[in-house]
Amino acid sequence: MYQVAICEDDPLFSQQLSQLVKEILDEAQISFQLTVYSSAQALKKALLEEGSIIHILFLDIIMEGEDGLSLAKQLRQVEMDLAIVFVTASKEFALAGYEVKPLHYLLKPVKKMALAQLLLEHQSGAEGKEYIAVRQGTSWLRVQLAHIEFIEKMGRKTLLYEKNRKLLLSETLSQLKEMLPKSSFVRCHHGYILNIDNTIEVSRQKAITKSGAVVPISRSNIKLVEGAFLDRLYSQMRRK
């Protein structure tokens, strides 16, 4: 289960951030537990004394009593391996805390789209799953890489094909290509990206996916696709 924590001494902002986190993770159908701490002392007790597990921590920089920067340094000194996202109301703190290697900085008020991208991308790695976070209109979706068969260019948008559904996404084909692992996804045509892992046949002009879909291959990309397909076959044979 994905463990999320917020350390914030402003009750109103804490409530607003909590609501955004819940909406994003519920929409993505991710199982999670959210814990809110109102002070650095309460968070330290949970982590250092009670052994609580946290995957990602949203930490206010300026708080009454001990501030977020001081707390983050203490956590790093004991090699606490959790992702820290500093939250601040002022841009002057954007470079603060560099030595504690924060995952990200968020400015108040936090925007849902920026928070969604951060959460979904981090959650994929935190639980050892292979997903990408993509946009569908104003919403963010989590798509499992193993389910993708191919992606088609649709003007300035893209159509992502899984075995049993299609998703119209806001990203361009070039943007998605940068997000996908090169070991499995190849640009087989100027308008298509193919998942080699879900491909069962490659010929001079087309590829056939596990669901039977036919994906075009351009003449300039045939060697690239054939090479990736053969590498995948040899890799599967070695494992057997």
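Trainee: Which residues line the largest cavity?

Mentor: In this predicted model, Ile24, Glu27, Lys112, Met113, Ala116, Leu120, Thr138, Ser139 and Trp140 line the largest cavity. On a 1 Å grid over the protein atoms alone, a cavity is a set of points where a 1.4 Å probe fits but cannot get out, and lining residues have an atom within 4 Å of a point. The structure holds one cavity of 30 Å³ or more.

Trainee: What volume does the largest cavity have?

Mentor: About 60 Å³. A volume is the space filled by probe spheres set on the grid points, which are joined across faces, edges and corners.

Trainee: Which element gives the largest share of that lining?

Mentor: Helix 4, with four residues. Helix 1 (11-27), helix 4 (112-126) and strand 7 are the elements that give two or more residues. Helices (H or I, at least four residues) and strands (E, at least two) are DSSP runs, numbered from the N terminus. By class, the cavity lining has five nonpolar, two polar and two charged residues. Ala, Val, Leu, Ile, Met, Phe, Trp, Tyr, Cys and Pro count as nonpolar, Asp, Glu, Lys and Arg as charged, and the others, Gly among them, as polar.

Trainee: How should I read the numbering and the values?

Mentor: Residues are numbered from 1 along each chain as its sequence is written. Local features need pLDDT of at least 70, side-chain atom pairs count only at pLDDT 80 or more, and totals for chains, interfaces and linings use all residues, while side-chain values use heavy atoms, with hydrogens and water left out.

Trainee: Now the largest pocket. What lines it?

Mentor: A pocket is an open set of points with protein on both sides within 12 Å along at least five of seven lines. Here the lining is Glu27, Ala28, Gln29, Tyr131, Leu141, Arg142, Gln144, His147, Glu162 and Arg165. The volume of the largest pocket is about 230 Å³. Strand 7 (residues 139-144) gives the largest share of its lining, three residues. By class, the pocket lining has three nonpolar, three polar and four charged residues.

Trainee: How do helix 2 and helix 3 cross?

Mentor: Two packed helices are described by the angle between their axes and the distance between the axes. The axes of helix 2 (residues 40-49) and helix 3 (residues 68-77) come within 11 Å and cross at roughly 10°. That makes helix 2 roughly parallel to helix 3. Axes are lines fitted to C-alpha atoms, for helices over the stretch in contact, and angles run from 0 to 180 degrees between N-to-C directions. Angles under 35 degrees count as roughly parallel, over 145 as roughly antiparallel, 65 to 115 as roughly perpendicular and the rest as oblique.

Trainee: Which residues make the contact?

Mentor: Ala40, Leu43, Lys44, Leu47 and Leu48 of helix 2, with Leu71, Gln74 and Leu75 of helix 3. Contact means heavy atoms within 4.5 Å.
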